[in-house]
Amino acid sequence: MLTIDFDFRNQIIQSDIGKTLVYCYQCATCSGACPVAQVTNGRYNPRRLILTSLLGLKEKIFGAENSFEIWGCTVCDTCDELCPQKVELTEIFTILKNISVERGEAPDHYTMQASTILENGKAIPMQSAIERRREQLGLPKIVNPDINEVKKLLKATELEKKIPKQEK
Ligand code: SF4
Ligand code: SF4
């Protein structure tokens, strides 16, 4: 039997952006337009995720077996733009992703990418092959970010505590 988790439901509804959740009338415009829903034959479904969030069905959303329910979203924002009720879907999904990270359930490729940004100040560290190619193409040199500045900002968000340490 499914359990309604009212604390979880309220956590979303009582947040600034999450309160738009209650305006959803399940028209399915979002899932009809979602590119991920289309290529996964509905295995990923934003309408369903909004419904389970609205109903507080936490066990249908979290847990390793449900990872794709949340992390399938590519944040393309198509659903936000089309929702007739102005439900802030991607922002609500960000709340869910943050909870998933806190639970230690974020997919490895996300946490690895977060570690890379923490260590290098960007997602894809510069490589000499790329620099050479840019030079051949007459493209300007890439200005590297101030890594200390990026680290300082990310430490303020406590990112380090939320991502598992990567093996060197
Ligand atoms: S488009 Fe908006 S109102 Fe329609 S199901 Fe999706 S979130 Fe709900
Ligand atoms: S933002 Fe996510 S849920 Fe919305 S249409 Fe894009 S992939 Fe689908």
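User: How much accessible surface does the protein chain have, and what share of that belongs to carbon and sulfur atoms?

Analyst: In this predicted model, the accessible surface of the protein chain comes to about 10,800 Å², and carbon and sulfur atoms account for 54% of that area.

User: And what percentage of the residues count as buried?

Analyst: The chain has 168 residues, and 33% of them count as buried.

User: What are the overall dimensions, going by the C-alpha atoms?

Analyst: Taken along the principal axes, the C-alpha atoms of the protein chain fill a box of roughly 55 × 35 × 30 Å.

User: What share of the contacts comes from residues 24 or more positions apart?

Analyst: Among contacts in the protein chain with a separation of 6 or more, 69% are between residues 24 or more positions apart.

User: Switching to the ligands, which residues are closest to ligand 1?

Analyst: The shell around ligand 1 holds 13 residues, and the closest are C24, C27, A28, C30 and C83; by class, that shell divides into nine nonpolar, three polar and one charged.

User: Which ones are closest to ligand 2, then?

Analyst: Ligand 2 is surrounded by 14 residues, with C34, C73, C76, C79 and T90 the closest, and its shell has ten nonpolar, three polar and one charged residues.

User: Which helices supply at least two residues of that shell?

Analyst: Those are α3 (35-39), α6 (78-82) and α7.

User: Last topic: how much space is in the largest pocket, and what lines it?

Analyst: About 350 Å³ of space lies in the largest pocket, which is lined by 14 residues, with W71, N98, V101, A114 and L159 lying nearest its centre. The elements giving two or more residues to that lining are α7 (89-102), α8 (108-120) and α11 (159-162).

User: How do the lining residues divide by class?

Analyst: The lining of the largest pocket has eight nonpolar, four polar and two charged residues.

Technical notes
Residues numbered from 1 in each chain as written. Chains lettered and ligands numbered in written order. Predicted model: local features only at pLDDT ≥ 70, side-chain atom pairs only at ≥ 80, totals over all residues. Heavy atoms only, no water. 1 Å grid on protein atoms, 1.4 Å probe; cavity = no way out; pocket = protein on both sides within 12 Å on 5 of 7 lines; lining within 4 Å. Points joined across faces, edges and corners; volume = space filled by probe spheres on them. Helix = DSSP H or I, 4+ residues; strand = E, 2+ residues; numbered from the N terminus. Nonpolar A, V, L, I, M, F, W, Y, C, P; charged D, E, K, R; others polar. Near = heavy atom within 4 Å. Buried < 20%, exposed > 50% of the residue type's maximum accessible area, 1.4 Å probe, protein only. Contact = heavy atoms within 4.5 Å. Areas by Shrake-Rupley, 256 points an atom, 1.4 Å probe, with all protein chains shown as cover.
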